[in-house]
Amino acid sequence: METECKLSFNSEEELFSILKADWFAEFCMDLTEKEPVKLSNTYFDTTDRVVISRGGSIRVRNISDSDEEEETFEHTIKLGGKVENGLHQRYEWNFKTFSKTFSKSDFINGVSRSEDPSDMLIELLSQVTDDDLEPICKTKFNRTKYTLGYGDSIMEACFDVGKLSAGDKSASICELELELISGDVVDLQDMADYIVKKTNAVLFDDSKFKRCLKLLDEE
């Protein structure tokens, strides 16, 4: 289960100004300057959006800073969950591979030991074949990660800056994702609320993928 809060910022300058704040230093477990990771994501579905209609998404991510000799990819499926006041909770399965091509059978076998229930994953992909899937939208952004400690919890702070695109439309990405690594979701929400009070950020209910879908559906 993925549990995270999303916060939207008006500009890259506002977003990264957090790193210079004294209050951020109080919670950050390692203030060493981090190098951003370049992430390129492609989302797939059938022409009639079967996966989306079932509450799911299929993503293939290229991780360009990999130390491997070959390109590394992470295939991800997310399903259902709830979104409320910037808090996102949903089932998530991840499979790392050297292949950029999504394979239903390889994915199911690769995540068979996942904590999230495999029967839900199998049901989501039922009657969906590899040949049915085609790219529907993309996101490209730089991600800079820091680890925070708040209350009794550990969370990852991801500073994301880039663009999303769907069809001939595009939009900017300038947001902070707080993902719970261990501990209590209440701490995660409190940390997000604290950042909102200290900055011009707003809690954001739309995922990057959902924003792409809105672009696709715009007339």
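A residue is called buried here when its relative accessible area is under 20%, and exposed when that area is over 50%. The model on display is predicted, and the tour below applies these terms to it.

**First stop: Glu-2 and Lys-78.** Select Glu-2 together with Lys-78. The two residues form a salt bridge whose closest N and O atoms are 3.2 Å apart. This pair links distant parts of the chain, with Glu-2 in strand S1 (residues 2–8) and Lys-78 in strand S4 (residues 72–84), 76 residues apart. Both Glu-2 and Lys-78 are buried.

**Second stop: Gln-89.** Beyond its neighbours within four places in sequence, Gln-89 has Glu-2 among its contacts, together with Met-1, Thr-3, Gly-80, Gly-81, Lys-82 and Val-185. Is Gln-89 buried or exposed? Gln-89 counts as buried because its relative accessibility is 19%, and the limit for that class is under 20%.

Lys-208 forms a salt bridge with Asp-160, the closest N and O atoms lying 3.0 Å apart. Since Lys-208 is in helix H7 (residues 208–217) and Asp-160 in strand S7 (residues 153–166), this pair ties together parts 48 residues apart in sequence. Both Lys-208 and Asp-160 are buried.

Lys-208 also forms a salt bridge with Glu-175, where the closest N and O atoms are 2.5 Å apart. Glu-175 lies in strand S8 (residues 169–182) and Lys-208 in helix H7, so the pair joins parts 33 residues apart in sequence. Glu-175 counts as buried at 2% relative accessibility, and Lys-208 counts as buried at 6%.

Now extend the selection. Salt bridges with shared partners join Glu-2, Glu-4, Lys-6, Lys-78, Arg-90, Glu-92, Arg-143, Asp-160, Glu-175, Glu-177 and Lys-208 into one network. The total for the model is 18 salt bridges.

Switch to a surface view and select Asp-48, Asp-106, Asp-130, Asp-131 and Asp-132, which form a negative surface patch. Within this group, Asp-106 lies in helix H4 (residues 104–110). Asp-106 is partly exposed, with a relative accessible area of 45%.

**Last stop: Glu-115.** Move to the loop between H4 and helix H5 (118–124), where Glu-115 is found. Glu-115 counts as exposed because its relative accessibility is 81%.

Note on methods:
Residues numbered from 1 in each chain as written. Predicted model: local features only at pLDDT ≥ 70, side-chain atom pairs only at ≥ 80, totals over all residues. Heavy atoms only, no water. Buried < 20%, exposed > 50% of the residue type's maximum accessible area, 1.4 Å probe, protein only. Contact = heavy atoms within 4.5 Å. Patch = residues over 30% accessible without salt bridge, like charges linked within 9 Å, V, L, I, M, F, W, Y side chains within 5 Å. Areas by Shrake-Rupley, 256 points an atom, 1.4 Å probe, with all protein chains shown as cover. Salt bridge = Lys/Arg side-chain N within 4 Å of Asp/Glu carboxyl O. Lys, Arg positive; Asp, Glu negative; His and termini not counted. Charge placed at Lys NZ, Arg CZ, Asp CG, Glu CD. Helix = DSSP H or I, 4+ residues; strand = E, 2+ residues; numbered from the N terminus.
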